[in-house]
Amino acid sequence: MLAYFLQQLINGLTLGSIYGLIAIGYTMVYGIIGMINFAHGEIFMIGAFVSVIAFLVLGALDITFIPLALLVVLLAAMVFTAAWGWTVERLAYRPLRGSFRLAPLISAIGMSIALQNFVQISQGARVKPIQPVIQGGVVLFTGDEGFTVVMSYLQIFIIILTVVLMAVFTWIITRTSLGRQQRACEQDRMMAGLVGVNVDRTISLTFVMGAVLAAVAGLMVTLQYGVVDFYIGFLAGMKAFTAAVLGGIGSLPGAMLGGILIGLIEAFWSAYFTIEYKDVAVFGVLVLVLIFRPTGLLGRPEVEKV
Amino acid sequence: MLEVRGVHTFYGQIEALKGVDISVEEGEIVTLIGSNGAGKTTLLMTICGNPRASRGQVLFEGEDITQVPTHHLVERGIAQSPEGRRIFSRMTVMENLQMGALRTGAAHFDKDLDMVFDLFPRLKERRDQRGGTLSGGEQQMLAIARALMSRPRLLLLDEPSLGLAPMVVRQIFDVIREINRSEGMTVFLVEQNAFHALKLAHRAYVMVNGRITLAGTGAELLANPEIRAAYLEGGH
Ligand SMILES: Nc1ncnc2c1ncn2[C@@H]1O[C@H](COP(=O)(O)OP(=O)(O)OP(=O)(O)O)[C@@H](O)[C@H]1O
Ligand SMILES: [Mg+2]
């Protein structure tokens with residue numbers, strides 16, 4: 001029993017890492033412009049698609065040295081998602097910054113649908129598979145009933161990469177000039193301009209940073225499941241959004257915590273209850289949070305002393 | 001040093017500035033007084049390009065800055081401590097000061113920090129406290145200190161005495177006088193507290209309803225019976 005539990009814990013943490021990385025994009029953009037980037041799920045989808053295509057290209061070129069392949073694929077995914085994240089901000093959000101709050105959300109959803117359809121038409125509606133890239137794992141221990149707890153190398157890779165990225169992003173936001181400029185825009189955009197912050201550029205950069213993390217998540221999903229389709233952005237995006245709300249939208253540690261919790265809920269629900277209802281469980285959490293604790297676990301209440 | 005020529009500024013249909021002319025010479029303290037809603041804040045913000053003048057010109061050190069983006073002005077030497085202080089409330093005192101020094105570069109940072117901590121020793125004690133938890137007076141000190149961290153040649157101050165106890169007001173005005181004397185910094189000061197402001201300033205303007213109605217030296221306006229009746233009597 002313990003072995004089975006531990007295995008689910010490992011699976012949940014891995015899944016949670018991926019959700020957490022996507023959730024950071026939601027939370028950072030929300031922090032700086034006070035709006036949800038509804039095109040963010042599709043940014044993740046592009047990350048996954050570019051990863052698949054890049055792996056296929058590398059395979060065709062006979063590049064089999066895995067660390068190099070991973071690096072190249074990651075860079076390719078980041079470049080494309082960064083470009084798309086930047087474009088979303090320029091087209092869907094910036095021109096509508098002064099208009100009513102729903103307008104940019106609608107334009108962002110519009111861009112999402114357009115992109116989904118573009119991928120569907122250009123890549124086909126069927127799932128795209130790749131060969132497993134990282135194989136094998138370590139057996140942690142064998143339980144009483146003969147159940148072995150395995151942590152695959154891929155899971156180790158995903159968790160370590162997530163921890164590293166989290167540390168880097170936390171450092172950027174809390175310790176660097178760029179991070180201070182982002183927080184300044186978050187707190188008082190007009191004042192940020194007065195002290196010399198290029199507000200437009202800082203907002204663009206925030207979209208791009210969120211997109212780059214979504215690219216990493218896209219690569220992880222590609223490695224983990226070996227298949228992608230044009231529709232994965234929607235569900236993963238909604239779950240990561242739930243994670244961001246659960247953790248407290250606007251909070252970076254909150255996004256990570258929310259991601260991990262959602263990953264764990266999904267893993268344990270699938271293991272102990274019904275796998276068919278795992279998404280229902282996740283969105284049930286969203287409903288409960290919105291009703292009982294709309295500011296999330298680590299979010300701050302809206303009212304504060306100024 | 002600063003020249004505002006025939007500036008009109010609109011908020012939508014509302015014309016908040018209706019052709020304003022003022023000038024501030026290097027090394028001066030010039031004050032602008034006027035009642036609520038006269039357009040004082042609008043003038044300071046128009047100098048900084050947010051909102052932008054729809055007609056007229058703003059010149060700084062001989063160059064037309066009317067269309068210069070707001071975030072470039074600090075590099076040119078203009079800093080503002082705006083109405084309501086606008087401290088970054090979830091940043092520490094230190095981080096607020098770093099924001100002030102954003103475009104100044106690291107070379108001067110330590111020296112400038114010592115300078116503002118000398119002017120406002122209270123801030124030194126509270127360097128790791130979050131801006132939002134400072135008292136009103138401390139926030140005002142921080143807003144001025146943050147502006148000074150950019151090494152401005154022109155310092156714009158919007159009602160630095162608002163809501164502060166008389167002793168803190170005196171302290172703030174002393175600092176303004178001090179930086180003007182010792183650093184030769186040019187100051188353009190908007191105030192409701194006309195008595196103190198006129199005593200401090202070399203020259204002054206009075207604004208009514210988006211127009212400059214009176215100009216003169218601080219002493220002249222202090223002696224002016226109309227000014228006394230409108231802005232001074234009762235208050236002090
Ligand atoms: N953002 C805005 N949108 C619309 N109207 C505005 C805005 N800001 C100011 N106004 C209007 O412009 C006029 C001038 O306002 P301003 O804030 O410049 O006055 P002020 O002299 O600074 O007043 P106070 O002493 O109360 O600070 C007022 O009638 C005000 O209602
Ligand atoms: Mg004002």
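**Note on a predicted two-chain model**

1. Leaving aside its neighbours within four places in sequence, Ile22(B) is in contact (heavy atoms within 4.5 Å) with Leu2(B), Glu3(B), Val4(B), Leu43(B), Phe188(B), Tyr205(B) and Ile212(B). This is a predicted model, in which local features need pLDDT of at least 70 and side-chain atom pairs count only at pLDDT 80 or more, while totals for chains, interfaces and linings use all residues. Residues are numbered from 1 along each chain as its sequence is written, chains are lettered from A and ligands numbered from 1 in the order in which they are written, and side-chain values use heavy atoms, with hydrogens and water left out.

2. Ile22(B) also belongs to the largest nonpolar core, a set of 127 residues in which Tyr93(A), Ile22(B), Leu43(B), Ile47(B) and Phe188(B) touch the most other members. A nonpolar core here is a set of buried Ala, Val, Leu, Ile, Met, Phe, Trp, Tyr and Cys residues joined through side-chain atoms within 4.5 Å, and buried means under 20% relative accessible area, with exposed over 50% and partly exposed in between (1.4 Å probe, protein chains only). Helix H8 (residues 199–225) of chain A gives this core its largest share, 16 residues. A second, separate core holds 38 residues, among them Leu157(B), Val175(B), Leu189(B) and Ala197(B).

3. Within helix H8 of chain A lies Thr202(A), which is buried, its relative accessible area being 1%. Not counting residues up to four places away in sequence, Thr202(A) touches Ile32(A), Gln181(A), Gln182(A), Cys185(A) and Val197(A).

4. Gln181(A), Gln182(A) and Cys185(A) are also among the buried residues of H6(A), which include Gly179(A), Arg180(A), Arg183(A), Ala184(A) and Gln187(A) as well. Helix H6 (residues 177–187) of chain A is thus mostly covered, with eight of its eleven residues buried. The cover over those buried residues includes helix H1 (2–33), helix H5 (153–175), helix H7 (189–194) and H8 of chain A, together with helix H3 (93–100) of chain B.

5. Chain A contains eleven helices and four strands, where helices (H or I, at least four residues) and strands (E, at least two) are DSSP runs, numbered from the N terminus. Along its principal axes, the C-alpha trace of chain A spans about 65 × 50 × 35 Å, and 54% of its 306 residues are buried.

6. Chain B comes to ten helices and ten strands. Its radius of gyration of 17 Å is close to the 18 Å that the globule rule gives for 236 residues, so chain B is as compact as a globular protein of that length. The C-alpha atoms of chain B fill a box of roughly 45 × 40 × 35 Å, taken along the principal axes, and 56% of the 236 residues count as buried.

7. On surface composition, chain A exposes about 13,800 Å², of which carbon and sulfur atoms supply 72%, whereas in chain B these atoms account for 47% of an accessible surface of about 10,000 Å²; the areas come from the Shrake-Rupley method with a 1.4 Å probe, and for residues only the protein chains shown count as cover.

Key: Rg over C-alpha atoms; globule rule 2.2 N^0.38 Å.
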